[in-house]
Amino acid sequence: TSSCTGSGNSSANSNVKEDNFSLKVPVTIQATADSAETIHSNLLEELRKTIQDLRSTEILRVIKTLAYSLFSKDELASRSLTGKRSIHSGDNARLPLEQTKLHAIEAVAVEKCPFFSHKEFVSKFRNIQKMLRRT
């Protein structure tokens with residue numbers, strides 16, 4: 001299991017960081033419309049409540065708890081992070097997970113474990129998906 005002490009390459013202190021799927025990940029709420037900001041703020045707050053009672057700061061447990069709170073196990077197993085085709089999928093790319101939810105999970109996980117890098121987050125999230133696909 002992994003603890004919150006990541007590789008130290010995290011850019012969690014910045015407001016926006018690059019990720020492996022060529023989108024911007026908002027670490028802080030930066031919506032322009034009030035309604036979008038309220039929805040995003042409510043989502044983040046609900047996710048924070050989901051993990052506030054976790055005694056462990058193990059990032060895998062945090063990510064898994066957050067992922068299961070927003071996605072069904074079927075969604076996690078049958079979808080990919082990006083929706084892009086892979087060598088294994090050929091022409092049948094999996095549908096992507098909803099990016100807003102995925103970014104919210106990462107933002108809250110980084111709040112809980114601030115030294116955890118984006119690359120490590122993606123790796124742990126994909127490991128959760130792989131475990132579900134094997135069952």
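H2 passes H4 in a right-handed crossing. This crossing belongs to a predicted model of a chain with 5 helices and 2 strands. Along the sequence the pattern is β-β-α-α-α-α-α. The chain has 135 residues, and buried residues make up 36% of them. Among contacts between residues at least 6 apart in sequence, 63% join residues at least 24 apart.

- For H2 and H4, the angle is about 150° and the axes are 10 Å apart.
- On the H2 side, this contact is made by Ile59, Val62, Ile63, Leu66, Ala67 and Leu70, and on the H4 side by Lys101, Ile105, Val108, Ala109 and Lys112.
- H2 and H5 pack at an angle of about 65°, and their axes are 10 Å apart.
- The crossing of H2 with H5 is right-handed.
- The residues of H2 in the contact with H5 are Ile59, Leu60, Ile63, Lys64, Ala67 and Tyr68; those of H5 are Phe121, Lys124, Phe125, Ile128, Met131 and Leu132.

**Helix H2**

- H2 covers residues 59-70, and its 12 residues should span 16 Å at 1.5 Å a residue; the end C-alpha atoms are 17 Å apart, which agrees.
- Which residues of H2 are buried? They are Ile59, Val62, Ile63, Leu66, Ala67 and Leu70.
- An α-helix has 3.6 residues a turn, so residues three or four places apart point the same way.

**Helix H4**

- H4 runs over residues 99-112, and its 14 residues reach 20 Å from the first C-alpha to the last, close to the 20 Å expected.
- Because 10 of its 14 residues are buried, H4 is largely enclosed by the rest of the structure.
- The buried residues of H4 are Gln99, Leu102, His103, Ala104, Ile105, Glu106, Ala107, Val108, Ala109 and Val110.
- Ala104 lies in H4 and is buried, with a relative accessible area of 0%.
- Leaving out residues up to four places away in sequence, Ala104 touches Leu43, Leu44 and Leu47.
- Between Ala104 and Leu47 there are 8.0 Å in space, C-alpha to C-alpha, although the two are 57 residues apart in sequence.

**Helix H5**

- H5 has 17 residues, and its first and last C-alpha atoms are 25 Å apart, close to the 24 Å expected at 1.5 Å a residue.
- Its buried residues are His118, Phe121, Val122, Lys124, Phe125, Ile128, Gln129 and Leu132.
- They are on the same side of H5, because the arc they cover around the axis is only 165°.
- The exposed residues Lys119 and Arg134 are carried on the face of H5 turned away from its buried side.
- Val122, found in H5, is buried with a relative accessible area of 2%.
- The C-alpha atoms of Val122 and Leu81 are separated by 8.4 Å, while the two residues are 41 apart along the chain.

**The nonpolar core**

- The largest nonpolar core has 29 residues.
- Which residues have the most contacts inside this core? They are Leu47, Ile63, Leu66, Ile105, Phe121 and Phe125.
- At least two residues of the core come from each of H1 (34-51), H2, H3 (73-78), H4 and H5 (118-134).
- Apart from its neighbours within four places in sequence, Leu47 is in contact with Leu66, Ser69, Leu70, Ala104, Ile105 and Val108.

- Thr50 touches Thr65 and Ser69, not counting residues up to four places away in sequence.
- Thr50 and Thr65 are 15 residues apart along the chain, and their C-alpha atoms are separated by 7.5 Å.

Methods:
Residues are numbered from 1 along each chain as its sequence is written. This is a predicted model: local features need pLDDT of at least 70, side-chain atom pairs count only at pLDDT 80 or more; totals for chains, interfaces and linings use all residues. Side-chain values use heavy atoms; hydrogens and water are left out. Helices (H or I, at least four residues) and strands (E, at least two) are DSSP runs, numbered from the N terminus. The expected span of a helix is 1.5 Å times one less than its number of residues. Buried means under 20% relative accessible area, exposed over 50%, partly exposed in between (1.4 Å probe, protein chains only). A nonpolar core is a set of buried Ala, Val, Leu, Ile, Met, Phe, Trp, Tyr and Cys residues joined through side-chain atoms within 4.5 Å. Contact means heavy atoms within 4.5 Å. Axes are lines fitted to C-alpha atoms, for helices over the stretch in contact, and angles run from 0 to 180 degrees between N-to-C directions. A crossing is left-handed if the near helix is turned anticlockwise from the far one by less than a right angle, and right-handed if clockwise. The arc is that of the directions from the helix axis to the C-beta atoms.
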